[in-house]
Amino acid sequence: MTPYEQILSHITTALTALSIPEHEASRLMTPDAIHIKELTVETARGTERFDAFRVQFNNARGPYKGGIRFHPDANEDEVKALAAAMAVKCAVVNIPLGGAKGGVMFDPKNYSQEDIVKIARAYARAMADHIGVDRDIPAPDVYTTPEIMAVMLDEYELVKGKSEPGMITGKPILVGGSRGRGEATAQGGAYVLEEFVRSIERIPHEMRVGVQGYGNAGRTIAHLLARDGYRITALSDSRGTIFHNDGLDLAVIDEIKREYGSVAAHPDRIPGATVHGSTDVLTLDVDVLIPAALDNQIRPDNVRDIKADIILELANNPTTPEADDHLYQKGATVIPDVLANAGGVTVSYFEWVQNRTGLYWTEDDVKGKLKEVMTTAYRDVIALSEEQKISQRQAAYRLALHRLHEAMRLRGRYSVESDHFRN
Ligand code: NAD
């Protein structure tokens, strides 16, 4: 299945359960607009052309919102899937934003920082008429950073001839970014896990956690959960997995990662620890498994070996639909990506609000508001999943699709007269 087919399969199941008429369902599954541009950039190699995309999926609940990735796989299908997921995500956590995603198809590892900045400027220039504070608000994603957001803001403002800091989020704090944005995804995941663990009357000190990926999301959640008393027993990155049933000392892991580039590079510095292959983290004996690296990691070929009974999806799309069914049938709880990793877009929303009002919040303000948004959303999801006896993923999709559908209906977007989709 392509990424777009995967997300459509979750959406279709939800729309069928909600008994949404076919022509309305088909409208809900169709992106509002797909902008495809060819960027011409003078790089160190000469004049080069890059395919660039911005998919605007749905804005019935508010301006389009979603990151921009720089990646060789950032094709139209992938960007469409991610745009749809953003519309669902914003609706699950009930923030007044729609869904979009952008991408430039190239491998930034093969380019200098100077060239990457030129490509970022070319993207902002090419898309300037489609994005903006009240229209479509980009943010960082794979291989794009707060610094790239600052450059895109600068180029956009140059084209438009006015200051408009809220046209993009995930900026450095000095150019209008929000406090707490860097940790927001992991922090949001930690809040929903806290809520779930409380609801099943378990206590963190008795729970062992494995995290796949030790980057922004994975490393931050490992630290947050260790602070909350969880035992972090397994950690991985692209080069290997390190495991200790009594728990790993994260200060030592950080040192090893910093000095040798991998969490698993020096097990001799952690007495009793064992080293495993990079994907073995998924099947080790833990209570909570947190995929925080890549998509399609939990699949039909390894799902039977997964021992964790709680899976918190910080990565986007880490579980295939078949594996997801299997986990649900065997009684495991999967806290789905569209909720578990929505802390990032929620704090992006807070950044947009701060930019629009010109008033900036403290880190405690941000955390307090994030906790409220995430726990309210999660309580809604748990309640629906228990009431209808469906997985938390299906509950999240039903909740989101119901909200999107109602917004579309109230705006009259299903009527034949509506020409909203011809932009
Ligand atoms: P990152 O690049 O900072 O970290 C990725 C980590 O995955 C790295 O430690 C890398 O070594 C590891 N990795 C790569 N291949 C691996 C493999 N085969 N096995 C094990 N580990 C491997 O990325 P990130 O920002 O932490 O994002 C991780 C995931 O979370 C992605 O799916 C991303 O879409 C999702 N996500 C991130 C955010 C955010 O705000 N950072 C928000 C929403 C979703």
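**Strands, rings and backbone angles**

Tutor: Let's start with an open sheet of four strands, ordered E1-E2-E5-E4, with mixed pairing. Two strands pair if DSSP finds at least two bridges between them. The model is predicted, so local features need pLDDT of at least 70 and side-chain atom pairs count only at pLDDT 80 or more, while totals for chains, interfaces and linings use all residues. Residues are numbered from 1 along each chain as its sequence is written, and side-chain values use heavy atoms, leaving out hydrogens and water.

Student: What lies across E1, strand E2 (46–58), E4 and E5?
Tutor: That is H4, running at about 140° to E1. Such angles are taken from 0 to 180 degrees between N-to-C directions, with axes as lines fitted to C-alpha atoms, for helices over the stretch in contact.

Student: Why does phenylalanine 106 count as buried?
Tutor: Buried means under 20% relative accessible area, exposed means over 50%, and partly exposed is in between (1.4 Å probe, protein chains only). Phenylalanine 106 has 5% relative accessibility, so it counts as buried. Its place is in the loop between strand E5 (99–104) and helix H4 (113–127).

Student: Which residues is phenylalanine 106 in contact with, leaving aside neighbours within four places in sequence?
Tutor: Phe50, Phe70, His71, Pro72, Tyr111, Ile116 and Ile119, where contact means heavy atoms within 4.5 Å.

Student: How many aromatic pairs does a search of the whole structure find?
Tutor: It finds eight. Rings of Phe, Tyr and Trp (its six-membered ring) pair if their centres lie within 6.5 Å; planes under 30 degrees apart count as stacked, over 60 as edge-to-face and the rest as tilted. The centres of the phenylalanine 106 and tyrosine 111 rings are 5.5 Å apart and their planes stand at 75°, so this pair is edge-to-face.

Student: And what makes the pair of tyrosine 349 and phenylalanine 350 tilted?
Tutor: Their ring centres are 5.8 Å apart and the planes are at 45°, so the pair is tilted. Both tyrosine 349 and phenylalanine 350 are buried.

Student: Which residues form one aromatic cluster?
Tutor: Phe50, Phe70, Phe106 and Tyr111.

Student: How do you know that the charged end of arginine 45 sits over the ring of tyrosine 111?
Tutor: The term asks for NZ of Lys or CZ of Arg within 6 Å of the ring centre and within 35 degrees of the ring normal. Arginine 45 has its charged end 4.3 Å from the centre of the tyrosine 111 ring. Lysine 369 likewise lies over the face of tryptophan 361, at 4.6 Å from the ring centre.

Student: What makes strand E8 (residues 231–237) mostly covered?
Tutor: Six of its seven residues are buried. The chain reaches E8 from E7 through helix H7 (residues 216–227), in a right-handed β-α-β crossover. Right-handed means that, with the strands pointing away from the viewer, the path from the first strand over the helix to the second runs clockwise. Strand E7 (residues 208–212) pairs with E8 in the parallel sense over five bridges.

Student: How many bridges join E8 to strand E9 (residues 240–243)?
Tutor: Four, and the two strands run antiparallel. E8 and E9 form a hairpin with two residues between them.

Student: Why is lysine 389 called exposed?
Tutor: Its relative accessible area is 66%, so lysine 389 is exposed. Lysine 389 also has a positive phi of about 55° although it is not a glycine.

Student: And is asparagine 94 buried or partly exposed?
Tutor: Asparagine 94 has a relative accessible area of 46%, so it is partly exposed. Its phi is positive too, about 60°.
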